[in-house]
Amino acid sequence: MALWKPLSRWYGRRTEQEAELEKELRTDLELEAEEQQEAGVSVEEARYRALRSLGNVALVKEDVRKTWGWTWVEQFWQDLAYGVRGLRRNKGFTAVAALSLALGIGGNAAVFTLVNAVLLRRLPYPEPDRLVQVTGFYPKGAIVAMQQQSRTMDIAAYSTDSEVNLTGQGEAVRLMGSMVSANLFAVLGAEAQLGRVMRSRKDQLGSDRVVVLSNALWRRKFDSDPGIVGRMIAIDGAARQVIGVMPASFDFPSSNTQVWTPLHMDSSSSFDFWHTGFIPLIARLRSGTTLQQAQGEVRPLIEGILPLFPYPMARAWNADATAVPLQQFLIRDVRATLVVLQCAVALVLLIACCNVASLLLARSAVRQKEIALRAALGAGRGRVVRQLLTESMVLGFAGAVTGLGLAYGVLSIFKVVLPANTPGLADVRIDPRVVVFAGFLAVATGLVFGLLPALSASRWNLATTLRTAGRRAASTTGVSFRAALIAGEVALAVVLAVSAGLLVKSLWALAQVNPGFSPQQILTLRVSPNRSFCQQPSRCVALYDELLQRTQSITGVSAVSATNSLPLSGEIPAFPAELEGHPDAPGQALAPMLWAGAVTPEYFPMMRIPVLEGRVFTQADGENSELVAIVSAATAKRFWPGEDPIGKHVRPSWGQQPWRTVVGVVGDVRQYRVATELPDWINGVVYMPYPQAVGIDRQLPSSMTLLVRSDRDSQYVAGEIRGLVTELNPTVPVGDVRSLEAVVSSSKSQERSMMWLFLSFAASAVLLAAIGTYGVVSFSTTQRMYEMGVRVALGATRRNLFAMVLKLSLRLVLIGLAIGVVLAFALTRTLATFLYRVSARDPLIFLAVALLLVSVAVVAGFVPARRAARVDPMTALRAE
Amino acid sequence: MTRERRTELLQGTLDMLILRTLRLGRAHGHEIAKHIQRTSDDVLQVEHGSLYPALHRLERKGWVTARWEAASDRNRELKYYRLTPAGKKQLAAEESKWKQVAGAIARVMWPAEEN
């Protein structure tokens, strides 16, 4: 309240000054009148002469006040009060204008909130611009060699999806973990909140049974125990010592990472060191080196370690690897989405501005007399313009406040367009930067939509305005300018409507895709024994055998099966493979990668995946029987075109595994995404019976997804299965309980929310354009009532008048449409990456949008056209 | 509407005339205007729109002070302006500047040889 005292003192002094000035001028007036009277003029006449000699009192006062200073503050308050009063008097106008702006500003604020949190985020580490991602995936041996040989970077490694079990802490749970090189935290420059982070010297082979916990896990599972450091906990069945807890803000590699464990760097196991577990790298540029130097070093580094591999590694391996600034790497997938969204909301805001500007123009035409009157009372032109601008700023801020509220409400919808693990997405919120951004928009839009109407309104001609009745005097330039605004508005709305249409069609095309299986009535659950539990394959086989059998006997369950990877769930099980007739060419090219499904016999019939040739697996395909495999139709066609795939052989290309015989061919399944069957680096799909499905790590997959078909409530079934699992092995967590339909649906959630966003943008744009068109047509019809009356008097029919007004509306929209189509043609290409089986220039969508806008024109023109047709010539002519 | 004020006095000249008028003693706005009008034989018309802003400007600069005092002849309060020492100095400066300018103009307009 430090400001209050001087302010109130200033105000008190000010009122005093004002009263004194009033008194001073009044006494002057009295003196003058008395002198005139003394000269022998009548009282009345003396007073009149005195007033004349004094001139424009308001202007004199204004000029005196200017010498006092502070006038601009005062005038601003006056303008503000005047503006608010004016806006409150015109509730309808204010509501439409403020809501238009709120839509525009709200959308922009919401998208900017995302951009602010994700794109503009400074990585929460010291000197973040020196952090880089070394692209590609590397085995431990390569990591160690690169760490030693690099002269420009300090390199660290991390795995992204190392799920582990936490047991002995209440119910067994599956955690998202990351195995990291011990120097990762040092490279990032991150410190623990409690205890310590890993250190390269300390957490070496031999003393690497340690774990770092995430803040969220520590709070949830350990009740924020301050004495947690030093305690032993069971991770994947083995005891590890907790050395530290990270702060809540630490989210590397992903916001859902819960534990960090050291990479087990055991060079004595050539298999573990060179064959498996390829993971990504980050690095910090050493002081004095530049990004370019680091980028130049990556390729030679990789070529230098090729000879170290204990097997011939293809020269093409990581051939395109380079160093990319980490921030840029982290946002690579979301950047395009956010940019497109920001452009779309900017268009909505532009449309809103056009609309409000056009409304203001209409209002200023009506207010010409008011403005002329103010001028007559002594307001300068600058003063009038300033006052009108203050009014539009008030509107802008009203829009911004409402818009921020709107943004707060819709933020969660906007968030869905980005993958949930996008770095920074967790702390998306409306922060001061967003509020400043909205304030900036309010001022900018206030200027944009307010300046032209204000200037044109102040270009008065006092004499004509006051003399005429007002109606015919309204300037025609205002109308043509408004028409141009509306045409522009329609053009922008066309761009948004076409974009929305394309996305709708794209999502429709996605919905038409046959995923290759039917997800109806299937419940899925993830069952995850420790990896070590499956070191003896027979233990794991027995566990799942028992579990499937017992599940089958739950009342209401009609079928049950298991798979290591659910289609469309984001898991990618793959290995490099050798296929018969395609000899591995070591050192020349990379072996083909195959999607490796491990399934139980019931899987194909349950999923209704058709068997095209041969047979499916049976219970007879056990651990010790002949090794068999099933391939997908596309895989058979790709590797053995024109040949019978049955009887061909396939095997993982590393680790000298025995050949497997292909016994069947099944239909193709959308494994990866609905739009793309497989990631581009995977060349085919092979299924193996679960008991035989040892991967290149010579282990069976331990974590499996159960598929259950039942007519009972899924909660009940899930509960029963949880009970069964606990009974069989209490250390095995059960998670990810959801229906297969939900899995399929959530795989399309990004596309869906993108479509809904654009649809709502387009709907608001078209609505605004419709309101704008109606406003202009209706206004100019009112202006031309006299002319209409004349026309009727001269013999024009009602139909003529109706058509004339409707034509006006159509002409406005058609001009906008033409511009909009050209714009859309040029702009929608940026949407191409979001479209599935729809051309960015799909003629059907363009046609549909054109029809939509023509009908908008007809609807917007209909009411004024009817009013024109009903004009009574007598009334219209007399009104003037 | 145009807002050109008929400032028939040169910029700054009105200030000088006001200060000069006040050297005779205290005066209120109306008196000052009348005095200038009268002594210039009604050639110089002082408009209120110029007079009052000028008075308030001079007051702000500290060259005059103003006080509400009872009028000498009538039964009412009027705002009387007085010259301050700073105002006196200013008047002297403006006077000498004016003399210089007026003399210079005179020499250009009516050169000696023409007489």
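**H1(B) against H2(B).** I looked up which residues meet here: B:Leu17, B:Ile18 and B:Thr21 of H1(B) touch B:Ile32, B:His35 and B:Ile36 of H2(B). I count a contact when C-beta atoms, placed from the backbone, lie within 7 Å. Helices (H or I, at least four residues) and strands (E, at least two) are DSSP runs, numbered from the N terminus. The contact residues divide into four nonpolar, two polar and no charged. Ala, Val, Leu, Ile, Met, Phe, Trp, Tyr, Cys and Pro count as nonpolar, Asp, Glu, Lys and Arg as charged, and the others, Gly among them, as polar.

**Model and numbering.** The model is predicted: local features need pLDDT of at least 70, side-chain atom pairs count only at pLDDT 80 or more, and totals for chains, interfaces and linings use all residues. Residues are numbered from 1 along each chain as its sequence is written, with chains lettered from A and ligands numbered from 1 in the order in which they are written.

**Packing angle.** I read an angle of about 100° between H1(B) and H2(B), with the axes 10 Å apart. Axes are lines fitted to C-alpha atoms, for helices over the stretch in contact, and angles run from 0 to 180 degrees between N-to-C directions. H1(B) is therefore roughly perpendicular to H2(B) (the class covers 65 to 115 degrees; under 35 is roughly parallel, over 145 roughly antiparallel, the rest oblique).

**Sheet in chain B.** I find an open sheet of three strands, antiparallel, in the order E1-E3-E2. Strands pair if DSSP finds at least two bridges between them. E1 (27-28) and E2 (64-70) of chain B stand at the edges with a single partner strand each, so one side of each lacks a neighbour in the sheet. Two bridges join E1(B) to E3(B), residues 77-83. B:His28 has B:Tyr80 as its bridge partner in E3(B). H1(B), residues 13-22, packs on this sheet and touches E1, E2 and E3 of chain B. Its direction makes about 100° with that of E3(B).

**Chain B on chain A.** I get 14 residues from chain B and 18 residues from chain A in the contact. On the chain B side, H2 (29-39), H3 (48-61) and E3 give two or more residues. H3(B) supplies the largest share, seven residues. By class, that side has four nonpolar, five polar and five charged residues.

**H2(A).** I checked this helix, residues 43-54, for length. Its 12 residues reach 17 Å from first C-alpha to last, close to the 16 Å expected (1.5 Å times one less than the number of residues). Just after H2(A), A:Gly55 has a positive phi of about 85°.

Note on methods. Contact = placed C-beta atoms within 7 Å.
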